[in-house]
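This report describes where some residues of a protein chain lie and what surrounds them. Please examine the sequence and the structure before reading on.

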Amino acid sequence: MVNFDSILPGINGKDERCWEQLYTSCYAAMCVYVESIVKDMDSSKDIVQDLLVSLWHSDVQFASSKELMGYLYKSLYHNSLVYIRNKKKRASILDKIDKEKEEEDFSKDFLLDTVQEEIVRLLYLHIGDLPRMRKQIIKLSISGFSGKEIADKLGISVNTVKVQKNKSIKYLRDRLMHRRRELDL
């Protein structure tokens with residue numbers, strides 16, 4: 001067991017051997033103390049290490065070992081509370097960022113869904129303008145029927161289905177592009 005009063009002049013004078021004795025005799029106990037507050041041993045070790053390093057670089061002098069120990073444990077308590085506060089702030093900020101990202105993703109998804117619905121609405125609006133045969137061909141095609149199945153259902157040739165479908169697609173594309181240009185203005 002180290003007599004802190006005997007090494008105190010060395011602590012105040014930055015004597016490395018005295019600091020090693022302080023470290024060896026107090027480090028584990030200080031880590032356990034901080035861990036009881038912050039509930040994380042790795043963070044506790046960092047807090048203790050940071051305090052000892054900052055104390056080494058400071059000009060603080062101690063009149064007694066009781067003053068030294070009081071300073072160490074009071075500083076560890078304070079630094080632990082600062083750590084907890086900062087950890088909560090970081091968690092709060094990360095939660096806020098996550099919520100904003102979710103809201104942004106929701107807004108993007110909502111906008112995308114709205115645009116897609118509007119495109120589908122306009123598509124069906126313009127399909128309604130097609131001649132009856134082309135309208136049937138396009139609706140069957142959208143429903144997933146092949147060119148041959150459409151030809152069989154409507155009693156026409158596969159070639160007629162292809163020609164009429166291509167004419168319908170060209171018309172619909174032109175109508176949607178015209179609508180897009182109107183909206184861009």
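## Contacts of Val48

In this predicted model, Val48 is in contact with Tyr27, Met30, Cys31, Val34 and Leu76, leaving aside its neighbours within four places in sequence.

## Nonpolar cores

Val48 also belongs to the largest nonpolar core, which has 25 residues. Together with Leu22, Leu68 and Leu72, Val48 touches the most other members of this core. Helices H1, H2 (16-38), H3 (41-57) and H4 each supply at least two of the core residues. The greatest contribution is that of H2, with 10 residues.

In soluble globular proteins, nonpolar side chains tend to be buried together.

Asn12 is placed in helix H1, which covers residues 4-12. Is Asn12 buried or exposed? Asn12 counts as buried because its relative accessibility is 16%, and buried means under 20%. Apart from neighbours within four places in sequence, Asn12 is in contact with Val60, Gln61 and Phe62.

Ile93, Leu94 and Ile97 make a nonpolar surface patch of about 290 Å². One of these residues, Leu94, lies in helix H4, which covers residues 65-127. Leu94 has a relative accessible area of 52% and is therefore exposed, as the cut-off for this term is over 50%.

Methods
Residues numbered from 1 in each chain as written. Predicted model: local features only at pLDDT ≥ 70, side-chain atom pairs only at ≥ 80, totals over all residues. Heavy atoms only, no water. Patch = residues over 30% accessible without salt bridge, like charges linked within 9 Å, V, L, I, M, F, W, Y side chains within 5 Å. Areas by Shrake-Rupley, 256 points an atom, 1.4 Å probe, with all protein chains shown as cover. Salt bridge = Lys/Arg side-chain N within 4 Å of Asp/Glu carboxyl O. Helix = DSSP H or I, 4+ residues; strand = E, 2+ residues; numbered from the N terminus. Buried < 20%, exposed > 50% of the residue type's maximum accessible area, 1.4 Å probe, protein only. Contact = heavy atoms within 4.5 Å. Core = buried A, V, L, I, M, F, W, Y, C linked by side-chain atoms within 4.5 Å.
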